[in-house]
Amino acid sequence: MGKTKIKIDYSKCGPDGNVDPRDCAKCLNVCDPCVFLRHEDLKYKEKNIYDPQHWKITAIWPSVCTRCYKCVETCPENAISIKW
Amino acid sequence: MCKWCMKHGIGQKWYMNAKNYSNQLADEHNLQEYLTEQWMNFEAVYIRKIAGLSSKGLGYKLQMPVIGKVLRWAVERMIHGTIRHPNPIRADGHIGQVIPMEDAQIILSELAAEPIVETYCMCRKMQRGVNYQCCINFGVLSEVLEKLPRFIPKERAHRISREEAMERIEQHNKNGLVSTVWYQPYPYINAICNCESPECGALRLRNDFDLMIMSKAEYIIDLDQDKCQGCKECVAMCQWNAIRYIPSIKRVIIDYNKCFGCGVCRHACKHDALKLIPRKEFHGFNGHF
Ligand code: SF4
Ligand code: SF4
Ligand code: SF4
Ligand code: SF4
């Protein structure tokens with residue numbers, strides 16, 4: 001199996017988007033093998049865990065993705081795209 | 001006996017050594033500060049770079065011929081780090097082992113330093129997006145976590161007595177969760193997690209990428225083939241898929257290579273067919289951690 005590439009569009013969810021991944025988290029919930037990680041964006045020098053702009057989703061373990069497409073179908077913002 | 005026991009267990013299991021739990025040890029290494037820094041930044045631990053590479057796509061990176069080898073070496077060196085001044089924004093010296101319920105209860109009744117707290121699991125929080133109260137922390141780490149509101153449960157009190165902690169461990173094990181004990185950082189022990197796969201970060205690294213962050217228990221399961229009635233109840237319990245039902249012989253078989261010795265499957269068996277035995281007494285699996 002070739003590499004799976006999973007991309008999150010941060011203009012729709014996370015730092016520059018209008019969805020706070022801490023409220024939504026639908027992708028984390030729906031992905032059986034737990035491909036996604038919800039974490040703080042490292043680009044901010046000053047930490048502020050209460051600022052929604054500081055949180056984002058990264059598809060951290062693409063190698064365990066089963067290509068079931070549930071995340072793509074579930075994401076309310078259509079922020080996830082998968083290619084291989 | 002694994003290499004950490006040899007070095008720090010004074011001839012017994014490493015997690016049975018009272019010295020590794022002491023407040024004095026925590027003070028000596030200034031761990032209050034270290035753990036505060038580490039837990040404030042916990043979710044970002046995979047994103048930070050190790051040997052110039054982040055963990056993103058770790059599975060693929062480990063498959064690369066040269067970089068894969070270097071990365072594996074760097075990650076394992078970090079996890080097994082015994083340096084005096086570990087780096088709080090990484091997982092330095094964060095080594096653990098699976099333990100059965102009984103050992104976890106001995107730790108909680110006799111060895112763990114107070115206060116004992118049961119907080120939300122960080123791994124489930126960052127990988128599954130759920131708040132699940134099952135991580136039992138003690139000593140200095142308890143005080144650190146109490147200052148970080150996102151780990152403090154709302155549904156139930158988080159400070160628990162030794163007796164409550166032992167009860168909670170029993171419930172978690174019966175519920176199918178695997179107890180694991182952790183250096184954080186080496187040589188200070190301050191947590192018993194109750195893990196599941198694939199949410200748990202340690203199980204992920206060990207199961208999917210074969211990184212030695214967490215070793216198998218000092219025990220292994222032993223199936224009494226004559227007692228097994230083939231009810232299949234145990235199959236659903238194993239986080240490692242080590243048990244399978246075979247229709248033609250109407251009983252289960254165990255894949256001993258996969259068994260981590262957690263003992264969770266025992267709780268499902270009403271026919272007393274599953275027992276934990278010391279790993280060193282099991283031919284062929286002595287020393288396989
Ligand atoms: S396609 Fe399926 S397995 Fe892959 S990331 Fe999406 S939900 Fe997870
Ligand atoms: S499902 Fe979509 S919008 Fe929701 S957290 Fe995941 S990426 Fe963001
Ligand atoms: S078979 Fe081994 S790993 Fe699986 S639940 Fe039983 S003791 Fe744990
Ligand atoms: S629960 Fe016990 S009796 Fe039932 S299949 Fe498993 S080992 Fe056999």
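Across the interface of chain B and chain A there are 0 salt bridges, where a salt bridge is a side-chain nitrogen of Lys or Arg within 4 Å of a carboxyl oxygen of Asp or Glu. The interface does have 13 residue pairs in polar contact, both residues at pLDDT 80 or more. This is a predicted model, in which local features need pLDDT of at least 70, side-chain atom pairs count only at pLDDT 80 or more, and totals for chains, interfaces and linings use all residues. Residues are numbered from 1 along each chain as its sequence is written, chains are lettered from A and ligands numbered from 1 in the order in which they are written, and side-chain values use heavy atoms, with hydrogens and water left out.

**Where chain B meets chain A**

- A polar contact is a pair of N or O atoms within 3.5 Å; within protein, one must be able to donate a hydrogen and the other to accept it, and residues adjacent in sequence count only if both atoms are side-chain atoms.
- On the chain B side, α4 (58–63), α7 (122–127) and α10 each supply at least two residues; helices (H or I, at least four residues) and strands (E, at least two) are DSSP runs, numbered from the N terminus.
- The largest share of that side, 4 residues, comes from α10(B).
- The side of chain B that touches chain A divides into 12 nonpolar, 6 polar and 9 charged residues. Here Ala, Val, Leu, Ile, Met, Phe, Trp, Tyr, Cys and Pro count as nonpolar, Asp, Glu, Lys and Arg as charged, and the others, Gly among them, as polar.
- The contact (heavy atoms within 4.5 Å) takes 27 residues from chain B and 27 residues from chain A.
- About 2,400 Å² is buried between the two chains, and carbon and sulfur atoms give 62% of this area. Buried area is the accessible area (1.4 Å probe) that two parts lose on being put together, summed over both.

**Two domains in chain B**

- Chain B is divided into domain 1 (3–215) and domain 2 (219–281), with bounds that come from an automatic or database domain assignment.
- The C-alpha centres of domain 1 and domain 2 of chain B lie 27 Å apart.
- Domain 1 of chain B gives 20 residues to the contact and domain 2 of chain B gives 11 residues.
- Between these domains of chain B, the buried area is about 1,200 Å², with 62% from carbon and sulfur atoms.
- Which three residues supply more of the area that domain 1 of chain B buries against domain 2 of chain B than any other three? They are V98(B), P100(B) and V178(B), which supply 31% of it.
- Between domain 1 and domain 2 of chain B, the count is 1 salt bridge and 6 residue pairs in polar contact, both at pLDDT 80 or more.
- The elements that give two or more residues to the domain 1 side are α6 (101–111), α9 (162–174) and α10 (201–209) of chain B.
- By class, that side of domain 1 of chain B has 10 nonpolar, 4 polar and 6 charged residues.

**Charged pairs**

- Side chains of opposite charge can pair when their charged atoms come close.
- Over all chains, the structure holds 16 salt bridges.
- One of them joins E118(B) and R168(B), with the closest N and O atoms 2.9 Å apart.
- This pair links distant parts of the chain: E118(B) is in strand β2 (residues 116–120) of chain B and R168(B) is in helix α9 of chain B, 50 residues apart.
- Another salt bridge is formed by R266(B) with E102(B), whose closest N and O atoms are 3.0 Å apart.

**Around the ligands**

- The residues surrounding ligand 1 (a heavy atom within 4 Å) include C31(A), C65(A), C68(A) and C71(A).
- This shell around ligand 1 divides into 10 nonpolar, 1 polar and 1 charged.
- Ligand 3 is surrounded by residues including C238(B), C259(B), C262(B) and C265(B).
- Its shell has 9 nonpolar, 2 polar and no charged residues.

**Backbone details**

- Most residues other than glycine have a negative phi, and most peptide bonds are trans.
- A cis peptide bond joins E114(B) and P115(B), with omega about 0°, and P115(B) lies in the loop between α6 and β2 of chain B.
- Y186(B) and P187(B) are also joined by a cis peptide bond, with omega about 5°.
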